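Please keep the sequence and the model in view while reading.

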Amino acid sequence: MKKTRNILAFIFSLYLCIMSYYLYTHQYYNVDLEAYVGLVYKSEYPDMKIEDIHKKVYTELKGTNPKLFGITPQDEEIAKGENTYYKVLSENPKAYEEELQLFSVKPFYNFINLMFFKLGFKVTTSIFLTSILSYAFILVLIFCFLIRIVKNYPLAFIITILISLFKPLLEASRHASADSLSCLLLLLSLYTFMVRKKHLAATVFAMLCVLTRPEYFILYSFLYILVYVYRNSLQIKTVKVFWSYAYVLLSFFLIQYFNQISWSTLFMNQFTQVQIYPVSDPDPFYFPDYLNFLKKTIMLDFNGSYFPLLLLFIVIILANRFSLSSKKSWAQCLFFASVYVSVFLRYLVFPSLANRMMIGFYLIIILSLIYIQNSKTDIFKNSLEAGK
């Protein structure tokens, strides 16, 4: 048995190296890259003028990927003016400086990018390393979690490999985005809380997750409500629940305090009409445009995601085990309900269900279903028992 574990551990390590190399050599240069590069330079060289940062960023990116700015006005666009907007940014340092505010609301992600840059990596390499290493650590965490659930190393290995090929996870790991890092921090916060029983560490990871992607605050709010409701079964003191949530709440409001761009301007910039100067001269917001956009897209976006398919498996698995008198059954139902309500509330704030942005939600659903269906032992000591 020990020999099998060692062999699988070696194969898994080799697999992570191969996949990391693949992701490094198949990077996707999305248009967010120029903003993250600018934020790294702005932090590293605070005295450098925006005109110099602007020139440095676009010179480097055009040299790396000349097609990045090849979008034409004739190409399909979601928000009015989206395609010409990127051309304006490449020519206008003032507009570029204001665009950076759209991406400064992810301070921990930008901090990690800066740390890799300080270690001597090229700025673009630094940004992609954040996504690639997050991908590798996500798989390590999933493997450790599955080993504790199924008590079967080969099965845990096979499931982890299959999850590693999950398209949204691979997409997020190829993009210059905070998706992979925020997913890693979300999984770490849940793992340390439910499995390791390290409540302080779980709070820290939750704070960092919100500082990486503020919209995860919605999910955490519902999860804290569940923890409060079942605090006695989880054997956690009420005061710890409130203090933990207070710190997560503080992280969210710190971002809002320093954020210079309102939600309405962010919505318009992404979905209706691009704002050239979102800080100094944003266009007026029209609520009917917002409602019309939601009505046109919400069902198409939801059905185009993995959420309906996962919901089908949730219903099948929970219905097979559900009991009206079981606290465990109700806790499971409330957990999945919290996830789906969080997704819809997030959609009201930022009407997009792009699959790479949803990997955190997808993975906690998948791992929870695997636990419910296949667990041979109750890894959650003092957790809810059926009928109690």
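Is Ser-180 buried or exposed? Ser-180 counts as buried, because its relative accessibility is 0%; buried means under 20% relative accessible area, exposed over 50% and partly exposed in between, with a 1.4 Å probe and protein chains only. The model is a predicted one, in which local features need pLDDT of at least 70 and side-chain atom pairs count only at pLDDT 80 or more, while totals for chains, interfaces and linings use all residues. Residues are numbered from 1 along each chain as its sequence is written, and side-chain values use heavy atoms, with hydrogens and water left out.

Ser-180 is found in helix H10, residues 179-194; helices are DSSP runs of H or I with at least four residues, strands are runs of E with at least two, and both are numbered from the N terminus. Leaving aside neighbours within four places in sequence, Ser-180 is in contact (heavy atoms within 4.5 Å) with Ser-131, Ser-134, Ile-138, Ala-172, Ser-173 and Ile-359. Its side chain also reaches the backbone oxygen of Ala-172 at 3.5 Å. Such a polar contact is a pair of N or O atoms within 3.5 Å; within protein, one must be able to donate a hydrogen and the other to accept it, and residues adjacent in sequence count only if both atoms are side-chain atoms.

Ser-164 belongs to helix H8, residues 153-164, and counts as buried at 0% relative accessibility. Beyond residues up to four places away in sequence, Ser-164 touches Tyr-15, Tyr-135, Leu-139, Leu-169 and Leu-170. Ser-104, by contrast, sits in the loop between helix H5 (93-99) and helix H6 (107-118) and is partly exposed at 28% relative accessibility. The side chain of Ser-104 reaches the backbone oxygen of Gln-101 at 3.2 Å. Ser-104 also touches Leu-39, a residue 65 places apart from it in sequence but 7.4 Å apart in space, C-alpha to C-alpha.

The interior can be considered next. In soluble globular proteins, nonpolar side chains tend to be buried together. Here the largest nonpolar core has 127 residues, and Tyr-220, Phe-307 and Ile-365 have the most contacts inside it; a nonpolar core is a set of buried Ala, Val, Leu, Ile, Met, Phe, Trp, Tyr and Cys residues joined through side-chain atoms within 4.5 Å. Helix H7 (residues 123-150) supplies the largest share of this core, 16 residues. Beyond four places in sequence, the contacts of Phe-307 include Tyr-340, Leu-353, Met-358 and Ile-365.

The cysteines form 0 disulfides, a disulfide being a pair of cysteine sulfur atoms within 2.5 Å. Cys-17 is exposed, with a relative accessible area of 52%, whereas Cys-209 is buried at 0%.

Finally, two lysines have positive phi values. Phi of Lys-151 is near 55 degrees, and this exposed residue lies in the loop between H7 and H8. Lys-197 has a positive phi of about 60 degrees and is placed in the loop between H10 and helix H11 (199-212).
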